Each structure stands twice: as C-alpha cells, then as structure tokens.
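Please look over the sequence and the model shown here, and keep both in view while reading the report that follows.

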Amino acid sequence: MSELPPAPLTRRFPRDLGAWVRYLQLAEIPVLRRTAESIEELRLLEDTVDARTLTEVLASDPLMTLKLLAHVAGLNRQRRTTDAETVREALVLMGITPFFNTFGPQPTVDEHLQGQPEAMAGLQAVIRRAERASAFALGFAVHRGDHDAMVIHEAALLHDFADMLLWLHAPALALEMQNQQQADPTLRSATVQRNVLGMTLSELQHALMLAWRLPELLVNITDDRHEEATQVRNVLLAIRLARHTRTDWNNPAVPDDVRDIAQLLNMGIGPTAALLAEIDDEA
C-alpha cells in the first residue's frame with residue numbers, strides 16, 4: 001500500500017475532530033433546488049398541507065432531512081419529548097405552521113456552489129449514490145417486514161452526509177482527496193481522509209450525529225461498527241450495491257453483493273437479482 005506524505009496545514013480549515021464539528025455545526029446547510037422550490041409552493045397552501053404531503057417533498061433530500069432532524073432534536077432537548085426518528089415524525093412533533101415559520105426560503109446547493117462545477121459534480125455523485133442506496137435499503141427492509149423501514153431508508157440516505165457537507169463547505173479538500181485516490185487507487189479512503197482532514201469521514205459523521213443529538217436508532221444504524229446487526233447490515237449492503245452499480249451492473253463485486261443480499265433476505269440468488277433490478281428500475 002502506498003504511503004502519503006503529511007498534508008500541508010491550512011489556516012482555512014480545522015485540523016482536529018472537535019474543531020471540524022464546531023465548524024460544520026455553524027455552517028448553513030443548503031438544500032436541493034427542487035426541495036426549496038417545493039417548500040415555497042406548499043407555503044402558499046399552508047392551511048391545506050399535512051405531514052404526509054411535506055414528507056413526500058423533504059424525505060428524498062438528504063440535506064433537508066439532516067437539517068430538519070437536527071433542528072427537531074434540538075427542540076426535543078428543551079422540551080424533553082420523544083425522539084423523532086423520521087421526517088414525518090419530526091413534522092408531526094414540530095407542527096406544519098412552526099415548520100414554515102422556522103424554515104423560510106431555503107438556500108440551495110446550486111446557489112452555494114455557483115461557479116464551482118467540480119464541487120457540484122462531486123456533491124451530485126454522492127447524493128445520487130445516497131438516493132439509490134436508500135431505495136435499495138427500503139426495498140430490503142420492506143421485504144424483511146422491518147417495522148423501522150423508514151428509519152432504515154433515512155439511515156441509508158444520510159450514511160454519507162459528512163461527505164456531502166465536505167463538498168459543500170470544504171470543496172478544495174474534498175477535491176484533493178478525490179484526486180489523490182484517482183492518482184493512486186491502492187490508497188485506502190481512511191488513509192487519504194486522515195492525511196487531508198486529520199480524521200476519517202466516519203469519525204466526523206459520528207461526532208456530528210452525537211453533537212446534533214440525532215435519534216439513537218438512526219445513529220446506531222448509520223454506525224458501521226454495529227455491522228453485524230441486521231438493520232445495519234441492511235443499510236451497508238444497500239450502500240455497497242449502490243457504489244458498485246453507480247455506472248452499470250458489470251462491476252466484478254456485484255455477484256458477491258447479490259449473494260450477501262440474498263442471505264439477508266433469505267432468498268435465492270435468482271429471485272434476489274430480480275428484486276434488485278425491480279428496485280433499481282423504480283428508483
């Protein structure tokens with residue numbers, strides 16, 4: 001395995017976990033343009049909007065999902081209410097009018113990364129992968145009859161949110177990591193991340209989830225250290241498949257993915273492959 005020289009220190013970005021958490025906690029989270037536009041359309045119909053309608057708009061956007069769950073978790077600390085584990089539960093706890101009062105016209109990813117096409121492309125790639133992973137994860141959970149299917153869907157959608165935040169708020173560093181791995185495919189992601197950031201993205205993400213006090217079930221499902229748990233395996237296999245099929249289904253790792261997913265679902269290889277194709281077509 002290749003070794004990297006230490007990355008040069010930069011005055012612009014933090015170099016330790018605590019500083020990164022504080023930096024990203026204070027940073028505005030822009031949302032997808034389609035989400036921002038839909039919120040404004042529904043704002044005009046506030047009196048007729050319910051939690052189900054809003055959920056359909058918000059729950060497909062990992063950035064808006066993160067933003068809402070973090071906000072409601074903060075309210076719960078003050079009110080000592082039950083954790084909201086999904087977007088819909090968060091909206092029910094918060095209320096429709098308070099949602100619109102709190103979340104005015106949203107800044108968008110397009111505005112935030114205007115003039116930065118490489119950063120936009122990097123972010124879009126992570127979001128597309130998250131969308132496909134969440135579709136696979138939900139499909140697996142529904143097939144398994146898991147009562148926490150929507151939490152599993154959101155866990156897959158949010159699994160790489162630290163990567164998304166890096167493309168938004170430190171695109172130069174995200175691009176540096178991408179370039180290093182493209183130049184030397186033998187480099188492990190964790191090695192590159194520690195060199196550039198001073199930590200791994202997994203460590204940063206876990207610290208952010210704890211700092212935002214996101215629901216325990218969501219934190220556990222997103223934590224790869226619990227990979228033997230069925231719900232975590234559900235999420236990780238969905239993410240693995242989404243990574244390996246990001247361009248097509250010809251990656252040599254796909255047969256192993258199908259085998260492991262078949263084991264998770266207690267199905268044969270053929271029926272599992274058919275189910276995956278069906279989920280992918282719908283997604």
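Leaving aside its neighbours within four places in sequence, Ile239 is in contact with Ala133 and His159, where contact means heavy atoms within 4.5 Å. Ile239 has its place in helix H15, and helices here are DSSP runs (H or I, at least four residues), numbered from the N terminus. With a relative accessibility of 6%, Ile239 counts as buried; the term buried means under 20% relative accessible area, exposed means over 50%, and partly exposed lies in between, with a 1.4 Å probe and protein chains only. Between the C-alpha atoms of Ile239 and Asn220, which are 19 residues apart along the chain, the separation is 16 Å.

## How the model should be read

This is a predicted model, in which local features need pLDDT of at least 70 and side-chain atom pairs count only at pLDDT 80 or more, while totals for chains, interfaces and linings use all residues. Residues are numbered from 1 along each chain as its sequence is written, and side-chain values use heavy atoms, with hydrogens and water left out.

## Helix H8 and its two partners

The axes of H8 and helix H15 (residues 230-244) come within 8 Å and cross at roughly 140 degrees, an axis being a line fitted to C-alpha atoms, for helices over the stretch in contact, and the angle running from 0 to 180 degrees between N-to-C directions. H8 is therefore oblique to H15; angles under 35 degrees count as roughly parallel, over 145 as roughly antiparallel, 65 to 115 as roughly perpendicular and the rest as oblique. The crossing of these two helices, H8 and H15, is right-handed, a word used if the near helix is turned clockwise from the far one by less than a right angle, with anticlockwise giving left-handed. From H8, the residues that meet H15 include Ala133, Phe136 and Phe140, and on the H15 side they include Leu237, Ile239 and Leu241. Sorted by class, the residues of the contact of H8 with H15 are 10 nonpolar, two polar and four charged, where Ala, Val, Leu, Ile, Met, Phe, Trp, Tyr, Cys and Pro count as nonpolar, Asp, Glu, Lys and Arg as charged, and the others, Gly among them, as polar.

H8 also crosses H17, and here the axes come within 10 Å at an angle of roughly 130 degrees, so H8 and H17 are oblique to each other. The crossing of H8 and H17 is right-handed. In this contact, Arg132, Ala135, Phe136, Gly139, Phe140 and His143 of H8 meet Leu275, Leu276, Ile279 and Asp280 of H17, and by class the residues are six nonpolar, two polar and two charged.

## Helix H1 against helix H13

Helix H1 (residues 17-26) and helix H13 (residues 201-211) have axes that come within 10 Å and cross at roughly 60 degrees, which makes H1 oblique to H13. H1 passes H13 in a right-handed crossing. On the H1 side the contact is made by Leu17, Trp20, Val21, Leu24 and Gln25, and on the H13 side by Glu203, Leu204, Ala207, Leu208 and Ala211; these residues divide into eight nonpolar, one polar and one charged.

## The largest nonpolar core

Which residues have the most contacts inside the largest nonpolar core? They are Trp20, Leu58, Leu68 and Phe99, in a core of 94 residues, a nonpolar core being a set of buried Ala, Val, Leu, Ile, Met, Phe, Trp, Tyr and Cys residues joined through side-chain atoms within 4.5 Å. Helix H8 (residues 117-144) gives the most to this core, with 11 residues. In soluble globular proteins, nonpolar side chains tend to be buried together. Apart from its neighbours within four places in sequence, Leu68 is in contact with Leu58, Val87, Ala90, Leu91, Met94, Phe99 and Phe103.

Ala51, which lies in helix H3 (residues 51-58), counts as buried at 14% relative accessibility. With neighbours within four places in sequence left aside, Ala51 is in contact with Arg88, Leu91, Val92 and Ile96.

## Two loop residues with positive phi

Arg213 has its place in the loop between H13 and helix H14 (216-222), and although Arg213 is not a glycine, it has a positive phi of about 55 degrees. Asn266 lies in the loop between helix H16 (254-265) and helix H17 (269-282), and its phi is near 60 degrees, again a positive value in a residue other than glycine. At 72% relative accessibility, Asn266 counts as exposed.
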